[in-house]
Amino acid sequence: MIISGSRKAPSGGHIVLIALFALVAGLSGLMTVPPLDRDESRFVQATTQMIETGDYIRIRFQDEERNKKPVGIYWLQAGSVLTFADVEDRPLWAYRLPSLLGAMLASIFTYMAGCALFGRRPGLAAGLLLAAAPVVMGEASIAKTDAVLLACVCGMQAALAWMLTSEMGKAQYRIALGFWAALGAGLLIKGPIAPAVALFTLAGIAIFQLERKEWGAFIRHLKPVSGVLLLLAMIAPWAIAIGIATEGRFFAEAVGIDMLSKVSEPQESHAAPAGAHFLLFWGMFWPAALFILAAGRHAGERWKEGPFFFCFAWLVPMWLLFEISQTKLPHYPMVLYPALALICGQLIATVPEVKYRGLRAAGAVIYAIIGLGSVAAILILANHFSTAGLTIWHYLGAALICVVCLGASVLAIIKRSGPALAAAIAASALFAWGTFEGVLPTLDRLAMTPALAKMLDAHEAHPLKDNTGPIALVGYSEPSAVFTLGTQTKLLRPKEGALWLTTAPNRAIVVEERDELAFLSSFPEGRMPVRIASIEGFNYSKNRNIRLTLFRLSAP
């Protein structure tokens, strides 16, 4: 063996418990939260166009090539929609199911890695902590790549952990193929992230333990020839097809623009200084704040031991890479959180309560501050962006979350780590359900696209529901509108919108207030359109209040 681990066989009961908790936590918001701008709506619209056209090679948003991420997530979403729903109904929940499954699998694979490295109880704590992380629960209910990528990385690392801790003489062919399959799936989902995690982990362990004689046997048991053949079988057919279909543009844009440029310069206004991910981590992985200070100290004292070094090799190099990258989003380091969950799980399950008392108390205080602050932030959002304002249900939900959150802090301080862990993950789940099911659906001033669809349907102008032909939008070009109103939705400038409205009878157009003057001034005298209805709200993508007005040349 390369590293000495516990190698305890996973428990079926533990797997069921983790899966059920991840399912319940991830279901929050799956059905109720409208399509989010802009990334989620771009993904689901591209998937919709695959289903509508039958072209499962090229990735497009309307007439524009979307050469950013590989095809894996689009295939998963398309399969889910074709299996469970009808694409014409725009069933957003069906597009999100792969993400929910990804979060569940990631938590289970983290548990399995924990069984190999530290034992069942640390693995169980780690799996539950990962499933309870706000960023994981959030990504589980969004139709994007990140939850599925997390599952691929965790599956890959779990296989690696079992292989590194095993006797080299034992057959490991299935585990090795599992490693390569997860690596290939990660490549198809989000390109180089999964290979980078595997490479850094193996390189770190190899450098630290270069003198070990088992490395030759390990490489043989990793089955590199079979693995590479499997990778080629998984990736090459689509890679060749997309290269031909786009004449090489996909690889030039995906690698040169979407990947490398994010490291050298900020993309889409997502700039932040080095250290931003460390600051965001405390909220993104909130339950771990209760234990991370003591766990970090404990792991740092034992970093030379194989299981801890595995976690550090997984965590540190990629974290530094994310920190120096110019483009930063809160979910980027999520693929590294399982390593932190494993370190925390080992502390909870095996380290005496009396050890690191000061750090445990400090973690409890940080946890309570973040929890109470998050509840306050949600109440502020409800007060500002809900036309109904704060209700008794908002206050009752906030009070319940606060009680459980403070309970977790108190339990940690009085040296009850097990109950504190249970209370912490319960508080996180309550927070997710309170936010996604209790608060976000009431923020009607933020839900501009659903309000727009409702206005169009009320005036028999909804393209998909009223069979009126495509609608045109001037000034409001959010991807969620294209997904909700149909692929043929026109996104026009003011003069183009005026021409479009006048060239065919019974057409309708929606114009943002900022573009109304230019739009109306483009009509000849005697041909002025009629205002039919208007809605007002807040466009969070552009951080401004907007007003959308429906126009026709004459009232119906």
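Which residues in α7 meet which residues in α8? I began my notebook with this contact and then turned to the rest of the chain.

**Ground rules.** I noted that this is a predicted model, in which local features need pLDDT of at least 70 and side-chain atom pairs count only at pLDDT 80 or more, while totals for chains, interfaces and linings use all residues. Residues are numbered from 1 along each chain as its sequence is written, and side-chain values use heavy atoms, with hydrogens and water left out.

**The helix pair.** I looked up Asp146, Val148, Leu149, Cys152, Gly155, Met156, Ala159, Leu160, Trp162 and Met163 in α7, and found that they meet Ile175, Ala176, Gly178, Phe179, Ala182, Leu183, Ala185, Gly186, Ile189 and Lys190 in α8, where contact means heavy atoms within 4.5 Å. The residues of this contact divide into 15 nonpolar, three polar and two charged, with Ala, Val, Leu, Ile, Met, Phe, Trp, Tyr, Cys and Pro counted as nonpolar, Asp, Glu, Lys and Arg as charged, and the others, Gly among them, as polar. Helix α7 (residues 146–164) packs against helix α8 (residues 173–190) at an angle of about 155°, and their axes are 8 Å apart. That makes α7 roughly antiparallel to α8, a term used for angles over 145 degrees.

**The whole protein.** I recorded 23 helices and seven strands, which are DSSP runs (H or I, at least four residues, for helices; E, at least two, for strands) numbered from the N terminus. The C-alpha atoms fill a box of roughly 85 × 60 × 40 Å along the principal axes. Of the 556 residues, 53% count as buried, meaning under 20% relative accessible area, with exposed over 50% and partly exposed in between (1.4 Å probe, protein chains only).

**Single residues.** I then checked backbone details, bearing in mind that most residues other than glycine have a negative phi, and most peptide bonds are trans. A cis peptide bond, with omega about 0°, joins aspartate 37 and arginine 38, and arginine 38 is found in the loop between α1 (12–26) and α2 (39–53).

Tyrosine 356 has a positive phi, near 60°, and sits in the loop between α16 (337–350) and α17 (357–385); tyrosine 356 is buried, with a relative accessible area of 11%. Asparagine 543 also has a positive phi, near 55°, in the loop between β6 (530–539) and β7 (544–552), but asparagine 543 counts as exposed at 61% relative accessibility.

Conventions:
Axes fitted to C-alpha atoms, helices over the stretch in contact; angles between N-to-C directions. Parallel < 35°, antiparallel > 145°, perpendicular 65-115°, else oblique.
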